[in-house]
Amino acid sequence: MVDILTLTVADGPSAFGLDSYQWVSIAMLILIGIFVWKKVPGMITGGLDNKIAEIKQQLDEAKALRAEAEVLRDEYAAKIAGAEKDAEAMMEGAGREADAILAKAEADSEAMVARRKRMAEDKIAAAEREAIDGVRASAANAAAAASRSLIADKHDGAADKVLADEIIGSL
């Protein structure tokens with residue numbers, strides 16, 4: 001029986017006086033030669049170079065997109081700040097407007113109270129004038145009635161004749 005550990009490479013198959021490991025080495029040299037002749041390493045490095053260039057291009061695009069995104073972020077941050085300032089200005093304007101409306105309403109109500117007070121005073125003054133005119137008319141009627149009765153009592157037909165003669169004489 002043959003011990004497995006004691007077998008050597010020389011015991012294996014051989015052709016043209018070359019052992020199997022030598023044939024594998026020659027096959028590898030031929031394969032490497034064909035690769036060099038067909039410029040496979042150049043194609044591999046060219047492919048790698050192309051891949052590197054593509055990755056660089058993608059990185060450059062990513063950098064450009066990032067820069068653009070930062071510009072947009074800054075622009076929108078500025079717009080937000082502007083909108084906040086506009087909102088504050090609107091709030092201040094609305095507060096001033098509300099104060100102005102309140103002041104106008106107070107002034108209008110004071111003017112309306114003053115107008116109504118004047119109208120009431122005018123009505124009272126008109127009622128006083130009416131009452132005074134009524135009293136004067138009553139006094140005049142009473143005086144006329146009293147003078148009629150006095151004249152009727154103290155003035156007779158002879159006195160009328162004298163008065164009529166004086167008036168005719170003066171014409």
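**Charged pairs along a helix**

Modeller: E75 and K79 are separated by about one helical turn, because they stand 4 residues apart in helix α2. The model is predicted, so local features need pLDDT of at least 70 and side-chain atom pairs count only at pLDDT 80 or more, while totals for chains, interfaces and linings use all residues. Residues are numbered from 1 along each chain as its sequence is written, and side-chain values use heavy atoms, with hydrogens and water left out.

Colleague: What does E75 form with K79?

Modeller: Side chains of opposite charge can pair when their charged atoms come close. Here E75 and K79 form a salt bridge, with their closest N and O atoms 3.5 Å apart (the rule asks for a side-chain nitrogen of Lys or Arg within 4 Å of a carboxyl oxygen of Asp or Glu). E75 is partly exposed at 36% relative accessibility, and K79 is partly exposed at 47% (buried is under 20%, exposed over 50%, and partly exposed in between, with a 1.4 Å probe and protein chains only).

Colleague: How many salt bridges does the structure hold?

Modeller: The structure holds 4. Among them is the bridge between E70 and R66, at 3.3 Å from N to O. These two residues also lie 4 residues apart in helix α2, which runs over residues 40-154. E70 is partly exposed at 32%, whereas R66 is exposed at 57%. Another bridge joins D108 to K104, with the closest N and O atoms 3.1 Å apart. D108 and K104 again sit about one turn apart in α2; D108 is partly exposed at 40% and K104 is exposed at 53%.

Colleague: How are the rings of F16 and W23 placed?

Modeller: A pair of aromatic rings is described by the distance of the centres and the angle of the planes. The count comes to 1 aromatic pair (rings of Phe, Tyr and Trp, the last by its six-membered ring, with centres within 6.5 Å; planes under 30 degrees apart are stacked, over 60 edge-to-face, the rest tilted). The centres of F16 and W23 are 6.2 Å apart and their planes stand at 55°, so the pair is tilted. F16 is exposed at 79%, while W23 is partly exposed at 36%.
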